[in-house]
Amino acid sequence: MAEQPNREELASRYLLGGLSENEAMTLEEQILSDDEVFENLEIAEDELIDRYVRDDLSTEERRRVREMILNSPRFAERVDIAKILTTRIRSQPAGAAKAEKKKSGKTRWWNLFLPTPEMAPAMRLVAVAPLALLLLTGVLLVLVWTRYRTESQRWARAEQRLSQLEKEIADQNAKSSGLETALTQTQQEKAEQEKLLADLQRQLAEQRGKTLPIFSFFINPGVGTRGDGGAEASFRIPPGNDEVELRLNVESGDYPQYETTLQDSDLKPISKPSRLKPIRRGNRKFIAFKVPTRLLRPGSSYSIHVDALNSQQVREDFSDYRFRVTR
Amino acid sequence: MSFNDPQPNDLRDKSDAKRTHNKPKWVMTQTAFDKLLSCFSLDRDEAGRQYERTRVRLFRLFEWSAVGPADELADETFNRVARRIDEGQKIDNVIGYVVGVAKIICKEARKKHVPVSLDDAPETRHRITPEPVEPDVRMQCFDDCLEGLSSERRFLIVEYYQQERRDKIDRRQKLAERLGIPQNALRIRAHRIRMALENCITQCLEGAAVRNE
């Protein structure tokens, strides 16, 4: 800052021709190469013109300015404008209030929020604070509104998606319900089939249980087994059988029921009478008389007396079947 | 000015000598101008900018020297510099060289220059004294251009030039304090606003002149 008055004075002296040749050449080189120095000379020119217009120069200084005016139309024009500047500004009230008051009739509402030029910088900050607050609030409102709009759009999209999903779920449920019905029906059918299968298996097992452990022989009436005309049928009972089934040929009879009694070789009954219905299998017709093996001793002969019962349950002597149990 | 300073004897106007020997007057050629530009910068655009800047400021130096028409003296300066470069002169500091040539031309012009008396001067003390002036085109242009400034710039320029001589320093000091800037910054700011205002007025007056024609 100490250099500044010196530079101002140097510039002023240069314009008035008061520098030595060396000083002037040094300064001129700076004027051509240094923007700041050049601007300082222009400011010095302003001030020289102002002093000229205000009649604040010596005679010799005035002569020099006038020579500049004569040699430079630009300089002359500047002097004219400086006179207007001086005249018009002096006619203005102090503090430039008039310039502002002239515009006061046209003052816009927003100027109420703006700092006036005559305010100190600190006061301008204070003055501009409400405007800044207003702007900040506006920006915040815009941000909030933008966020709200974005969230609303996202929410609407989510609701739409949810509705779509619910519809899809309902469709799936409907399909699932149909499938469940079909499944239930299938399961019922399966259960029924399983039950039927179980019954069949049980029946088969019963059948097997009934048939497999029983050893059976076919005996013709009055003769031996297989009806081959022998005096007495004979057979061996395999071990492990609790019962033996004796199939007694009743092809010659036509009775709905027969009553059988096991007799020993002396024709004494050794079992209680059993009532049996005839069974037709192929071209054969017989009654199945089951005898516990404990009643039959190997090496012994036995006889089965059969009485026929007609439809009125009247008993008739039908036939005797003799057989021998071998060892 | 420690190197490549032009020597006065080399750069004096030799038109008389040329006429004596019937040599044609040297004129600027494109080649010579290109060589001159290359002394400012090897980059053509940058060289052009530096040339224009130097020319404007050289013009201003001649205005301030007040020894003759500034534009003619500036052109003559560049012609002589270009001629010397075209003739093979090596120049390291073109600005210093231009200033040196300008100083010689200034001296030559001063010798031919006849000082103007105060009575012959176009402006007199009575005419420049501020006084009420009827509104005319200049006033109207001034008012319009002043109104065209921003309120801050208008306030500053009016306040800066408002004060009378006696209290000028004090008031400018207070204005700088009020604006929170150093005095020199205030001075520069006022100058720039004033330049803008004057440019506006000049354009306004030119427009008015065209309308009158």
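## A walk from chain B to chain A

Start by selecting B:Ala66, which is buried, with 26 other C-beta atoms within 10 Å. (Buried means 20 or more other C-beta atoms within 10 Å of a residue's own, exposed means 12 or fewer, and partly exposed is in between; C-beta atoms are placed from the backbone.) Before you go on, note that this is a predicted model, where local features need pLDDT of at least 70 and side-chain atom pairs count only at pLDDT 80 or more, while totals for chains, interfaces and linings use all residues. Residues are numbered from 1 along each chain as its sequence is written, and chains are lettered from A and ligands numbered from 1 in the order in which they are written.

Back to B:Ala66: its phi is near 55°, a positive value in a residue other than glycine. Most residues other than glycine have a negative phi. B:Ala66 is found in the loop between helix 4 (44-65) and helix 5 (70-86) of chain B. (Helices are DSSP runs of H or I with at least four residues, strands are runs of E with at least two, and both are numbered from the N terminus.)

Now select helix 4 of chain B. Its end C-alpha atoms are 31 Å apart, which agrees with the 32 Å that its 22 residues should span at 1.5 Å a residue; the expected span is 1.5 Å times one less than the number of residues. Among the buried residues of this helix are B:Arg57, B:Phe62 and B:Trp64.

Helices 4 and 6 of chain B pack at about 30°, with their axes 11 Å apart. (Axes are lines fitted to C-alpha atoms, for helices over the stretch in contact, and angles run from 0 to 180 degrees between N-to-C directions.) Where do they meet? B:Thr54, B:Leu58, B:Leu61 and B:Ser65 in helix 4 of chain B meet B:Ile95, B:Val98, B:Ala102 and B:Cys106 in helix 6 of chain B; contact means C-beta atoms, placed from the backbone, within 7 Å.

Next, jump to chain A, where 5 strands form an open sheet in the order 2-9-8-4-5, with mixed pairing. (Two strands pair if DSSP finds at least two bridges between them.) The edge strands are strand 2 (233-236) and strand 5 (274-276) of chain A. The twist averages 30° from one strand to the next.

Zoom in on strand 4 (residues 257-263) of chain A, which pairs with strand 5 of chain A in the antiparallel sense over 3 bridges. Pick A:Thr260, and you'll find its bridge partner, A:Ser274, in strand 5 of chain A.

Last stop: A:Gln313, in the loop between strand 8 (301-309) and strand 9 (315-326) of chain A. Phi of A:Gln313 is near 65°, a positive value in a residue other than glycine. Buried or exposed? A:Gln313 is exposed, with 10 other C-beta atoms within 10 Å.

Technical notes. Two residues are in contact if their C-beta atoms, placed from the backbone, lie within 7 Å.
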